[in-house]
Amino acid sequence: MHRLRPVTRRLLGAASLAGLSSVATAASAWAAPWPLDPSSPTSRAISELFWLTLIIAAIVFLLVEGLLIFSSLRFRRRSPHPTQEPPQIHGNTRLEVMWAIVPALILIGLYGMSVRTLGVLNDTPSSGVHVQVTAQQFQWNFSYTDSGVQTVNDLHIPAGVPIIFDVTSKDVIHSFWVPELHGKIDANPGRVNHIWFQADKLGEYRGACAELCGPGHAGMLFTVTAVSQSDFDQWLQSQKSGGATAASGQVAGGAAAADAGKQLIAQKGCGSCHMIPGVSGAVGTVGPNLGGVAGRTKIAGGAVSNAGPDDLKKWIVDPPSLKPGTAMPKLGLTDDEATKIVAYLETLK
Ligand code: CUA
């Protein structure tokens with residue numbers, strides 16, 4: 001083989017460096033969630049096991065490949081005896097025993113570490129916030145067992161407190177996954193799976209369905225908002241009373257528009273799918289509870305940002321255009337009707 005000229009080698013080196021750095025840039029630009037940035041004792045245990053396995057695998061890989069390359073170069077055929085066979089070796093008991101025992105010990109060690117990690121994951125704390133998770137095509141229903149509060153695609157939790165989940169499904173198999181807080185857990189119809197996690201820090205975590213479950217799978221997203229215990233209690237209260245701290249006067253269009261919106265909401269039948277504070281008979285649980293909807297920074301399970309009334313209006317006028325596959329229908333609202341409905345929804349802070 002011809003030796004590579006130094007300039008060629010330098011070019012190759014530069015190209016591989018450039019390749020590496022572009023991979024690194026892409027990785028850092030790839031937004032959260034990232035399972036290797038754990039924010040819960042459970043996801044940390046999983047991540048530690050991953051790194052341990054990766055490091056051991058890397059050492060074995062380098063050792064084996066290194067010996068292979070070394071042997072190929074060191075013992076290759078070369079002049080002045082191009083046709084002479086090197087000494088042939090058959091069997092080496094000591095080596096063979098060694099390369100059977102060492103991998104066996106490594107596997108036994110990894111097995112032990114896996115069992116230890118499973119122990120951490122299964123060691124559900126005796127107290128915490130209990131949440132029932134029911135998946136369905138294509139949304140996540142959360143029910144807070146202790147308070148009876150129900151939400152859709154919107155999970156509020158107190159940080160630093162264990163959250164204990166019963167996960168099931170109404171229809172097909174889904175998979176409940178918040179990468180930074182826990183591994184995936186299947187949501188199976190007719191079966192309840194249990195997991196727990198605990199958010200280390202305040203903030204928003206993204207969750208997703210991790211099992212192909214139909215045409216709306218990609219949109220089956222949810223947000224986990226970790227807040228302080230007092231904010232959580234307040235949030236629960238606002239969900240129960242419906243966030244009915246109405247502030248109609250401060251809303252665009254004023255109290256009259258909000259009142260008209262409330263009538264429209266009742267007429268259009270929004271309450272058959274949504275729990276809507278202040279609207280009698282609006283106790284649906286198909287869609288999200290709208291208590292506090294105006295205060296949410298994201299709606300439609302995180303698919304649509306909600307910076308103000310205009311976003312909410314765009315959403316209710318034509319939901320499928322903003323989130324294809326959504327269960328929220330296009331109701332054919334006129335601009336005026338949409339404005340009034342939003343005026344009421346804006347009172348639900
Ligand atoms: Cu539910 Cu994918």
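Buried residues account for 36% of the 349 residues in the protein chain. The model is a predicted one. Its chain contains eight helices and twelve strands. Among contacts between residues at least 6 apart in sequence, 61% join residues at least 24 apart.

**Helix α8 and its surroundings**

Helix α8 covers residues 335-345. Its buried residues are E337, A338, I341, V342, A343, Y344 and L345. These buried residues pack against α5 and α6.

One residue of this set, E337, also takes part in a salt bridge with K268, in which the closest N and O atoms are 3.4 Å apart. The pair links distant parts of the chain, since K268 belongs to helix α5 (residues 254-268) and E337 to helix α8, 69 residues apart. E337 has a relative accessibility of 18% and counts as buried because this value is under 20%. K268, by contrast, is partly exposed, with a relative accessible area of 29%.

A further salt bridge joins K340 and D336, with 3.0 Å between the closest N and O atoms. Both residues are in helix α8, and because they are four residues apart, about one helical turn separates them. K340 is partly exposed at 26% relative accessibility, and D336 is likewise partly exposed, at 44%.

**Salt bridges**

The count of salt bridges in the model comes to five. Among them is the pair D318 and K330, whose side chains meet at 3.7 Å, N to O. This pair also links distant parts of the chain: D318 lies in the loop between α6 (309-317) and α7 (319-322), and K330 lies in the loop between α7 and α8, twelve residues apart. K330 counts as exposed, with 52% relative accessibility. The table lists the salt bridges described here.

| Salt bridge | N to O distance |
|---|---|
| K268 and E337 | 3.4 Å |
| D318 and K330 | 3.7 Å |
| K340 and D336 | 3.0 Å |

**The second largest pocket**

Rolling a probe the size of a water molecule over the atoms shows where empty space is left. The second largest pocket holds about 380 Å³ of space. It is lined by 13 residues, and those closest to its centre are V60, L63, V64, W99 and P103. The elements giving two or more residues to this lining are α2 (41-74) and α3 (93-122). Helix α2 provides the largest share of the lining, seven residues. By residue type, the lining of the second largest pocket consists of twelve nonpolar residues, one polar residue and no charged residues.

Most residues other than glycine have a negative phi, and most peptide bonds are trans. F138 is located in the loop between β1 (129-136) and β2 (139-144).

N153 is found in the loop between β3 (150-152) and β4 (154-158). With a relative accessibility of 8%, N153 counts as buried.

Definitions and conventions
Residues numbered from 1 in each chain as written. Predicted model: local features only at pLDDT ≥ 70, side-chain atom pairs only at ≥ 80, totals over all residues. Heavy atoms only, no water. Salt bridge = Lys/Arg side-chain N within 4 Å of Asp/Glu carboxyl O. Buried < 20%, exposed > 50% of the residue type's maximum accessible area, 1.4 Å probe, protein only. Contact = heavy atoms within 4.5 Å. 1 Å grid on protein atoms, 1.4 Å probe; cavity = no way out; pocket = protein on both sides within 12 Å on 5 of 7 lines; lining within 4 Å. Points joined across faces, edges and corners; volume = space filled by probe spheres on them. Nonpolar A, V, L, I, M, F, W, Y, C, P; charged D, E, K, R; others polar.
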